[in-house]
Amino acid sequence: MNGEYDVVIVGAGPGGSAAACALAPHGFRVLLLDRERFPRDKTCGDGVAPRAVHALYRLGLRGELEGRFQRTSGIRFYATRGGLTEVRYPMGSRYPDHGYVVPRRSLDYILLRHAQELGAEVWEGCRVTGLLPPRDGRIPGVEAEREGERLEIAARYVVGADGPVSLVGGELGMLNRDPLYLGVSVRCYMRGAEGVSDFLEIYPEDAISPACGWIFPVDGEIVNVGAGFMFYARAKHGLNVNRVFEAFVERTRHAARKLRHAEPLGKPRGALLRVGLGGSVPVRGNVLLVGDAASMTNPISGEGITYALESGRWAGETLAAALRSGDPGLVENYRRILEWHYRRYFRLGTMAIRYGNTPWFVNPLLFTTSRFPRLGDKMGRFLMNCRRSDHPL
Ligand SMILES: Cc1cc2nc3c(=O)[nH]c(=O)nc-3n(C[C@H](O)[C@H](O)[C@H](O)COP(=O)(O)OP(=O)(O)OC[C@H]3O[C@@H](n4cnc5c(N)ncnc54)[C@H](O)[C@@H]3O)c2cc1C
């Protein structure tokens with residue numbers, strides 16, 4: 001055994017770092033570990049929505065973002081036969097009036113360093129290989145490998161923040177394979193796109209339906225281009241993610257025009273999405289899942305940074321309460337918090353995307369929202385899960 005921790009957090013993406021930031025300042029012994037060495041790349045659209053911006057500012061990271069990364073003013077939706085709908089943040093909500101595009105190489109490094117500064121112990125290049133066998137109904141820690149050395153790390157609580165293919169969740173049977181909650185996306189950085197703005201651009205175009213594509217501005221020159229779809233659509237329409245990406249770049253009405261002279265900077269990279277809260281069980285005994293491991297990507301937008309940051313914080317706060325009181329039963333509150341905040345929206349979003357993501361629905365919808373800005377704002381708020389009545393938490 002290599003030491004005993006109050007909490008070991010597996011995975012230092014936004015979810016794991018947010019959990020560490022919520023725990024470490026209270027003096028708990030927190031170990032945050034990741035198989036990668038940072039700064040590291042992570043396949044993502046890099047779009048940081050206003051709700052995520054709020055969570056980052058709340059962590060005291062405004063100075064790390066302002067002036068350093070591309071700010072965004074809103075979202076543009078391009079429908080093949082529906083025209084252009086432009087929605088400006090904050091769309092009538094109380095969240096910030098801007099977002100960012102921050103390459104994950106930078107964002108995750110900023111968060112990791114912050115967790116470290118707040119007192120978390122960080123081990124990079126440390127891969128968790130399994131959970132220690134249960135003792136008295138609890139998982140006493142994790143097995144890991146670092147620089148060829150095999151380690152057993154004892155902890156009172158384990159947080160699985162290890163992404164959509166979570167080893168922690170998988171070992172405990174907390175993940176399911178329901179295609180309703182699984183998706184895949186591919187993205188590529190490109191240089192030389194035309195007419196790049198400070199808006200996130202979303203393209204639910206006919207040529208790739210029921211997939212959807214995006215072009216996000218990384219800076220004045222480089223864009224993050226990607227496309228994705230849900231697994232049930234793959235089965236029904238025989239979709240292949242690389243071919244969808246190719247069709248997006250070459251055969252869509254609006255996006256292909258913008259990208260006709262753009263050059264890829266490297267190969268497109270794909271990754272899994274676990275969405276809508278239904279793809280995982282978030283708590284089992286003394287183990288909590290956060291972020292993608294807990295199936296917390298927005299089923300409509302594919303946005304998961306917000307939910308990783310929020311769930312990481314709530315997991316950390318719940319564990320702090322359980323550790324302080326000595327009552328392990330308190331961890332069940334984490335499930336209640338997630339259900340209270342997300343369940344209704346995620347369920348609605350899962351159904352909306354399942355049945356509404358077709359050209360016959362999307363084109364008339366975007367035709368209407370392009371002419372009625374208030375409806376556009378409403379759609380934007382739904383997409384970003386920001387209600388008018390929300391008081392940012
Ligand atoms: C193509 C694509 C585009 C996307 N675009 C956006 C977007 O524009 N905006 C947005 O908000 N969201 C987007 N998302 C979703 C977003 O990337 C995720 O929701 C987010 O990364 C979840 O964060 P996380 O901390 O839960 O997990 P992750 O960011 O996946 O972090 C998990 C960490 O765990 C580590 N890990 C895994 N296994 C182990 C192990 N066994 N041992 C040790 N460490 C381990 C990994 O190295 C990784 O660092 C996109 C996703 C994809 C696939």
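Modeller: Let's start with a pair of strands: strand 3 and strand 7 are joined by 2 bridges and run antiparallel. Please keep in mind throughout that this is a predicted model. Within the pair, you can find Val48 standing opposite Tyr100 of strand 7.

The pair belongs to an open sheet of 3 strands, ordered 3-7-4, with antiparallel pairing. Strand 3 (47-48) and strand 4 (70-72) are the edge strands, and each has a single partner strand, so one side of each has no neighbour in the sheet.

Now follow the chain onward from strand 7. Pro103 sits in the loop that links strand 7 (99-101) with helix 4 (104-117). Is Pro103 buried or exposed? It has 20 C-beta neighbours inside 10 Å, and therefore it counts as buried. If you set aside the neighbours within four places in sequence, the contacts of Pro103 are Asp46 and Val218. As for His54, it is 49 residues from Pro103 along the chain, and the C-alpha atoms of the two are 18 Å apart.

In the domain assignment, domain 1 consists of 4-46 + 103-175 + 280-355, while domain 2 covers 181-273. The centres of the two domains, taken over C-alpha atoms, are 29 Å apart. Where the domains meet, 11 residues of domain 1 are in contact with 16 residues of domain 2. On the domain 1 side, the touching residues divide into 5 nonpolar, 5 polar and 1 charged.

Next, have a look at another pair of strands. Strand 5 and strand 6 run antiparallel and are joined by 6 bridges. A hairpin of 3 residues connects strand 5 to strand 6. In this pair, Gly74 stands opposite Arg88 of strand 6.

What covers the buried residues of helix 12? The cover includes strand 5 (74-79) and strand 6 (83-88), together with helix 11 (359-371). Helix 12 spans residues 373-383, and its buried residues are Gly376, Asp377, Met379, Gly380 and Leu383. Looking down the axis of helix 12, you would see these buried residues within an arc of 165°, so they line one face of the helix. After helix 12 comes Asn385, which has a positive phi, near 55°.

Finally, let's step back to the whole chain. It has 12 helices and 19 strands, and 53% of its 393 residues count as buried. Among contacts between residues at least 6 apart in sequence, 73% join residues at least 24 apart. Along its principal axes, the C-alpha trace spans about 60 × 45 × 45 Å. How does the radius of gyration fit what a compact globule would have? For 393 residues such a globule would come out near 21 Å, and the chain has 21 Å, which agrees.

Note on methods. Residues numbered from 1 in each chain as written. Predicted model: local features only at pLDDT ≥ 70, side-chain atom pairs only at ≥ 80, totals over all residues. Domains from an automatic or database assignment. Contact = placed C-beta atoms within 7 Å. Nonpolar A, V, L, I, M, F, W, Y, C, P; charged D, E, K, R; others polar. Buried ≥ 20, exposed ≤ 12 C-beta atoms within 10 Å, placed from the backbone. Helix = DSSP H or I, 4+ residues; strand = E, 2+ residues; numbered from the N terminus. Arc of directions from axis to C-beta. Pairing = 2+ DSSP bridges. Rg over C-alpha atoms; globule rule 2.2 N^0.38 Å.
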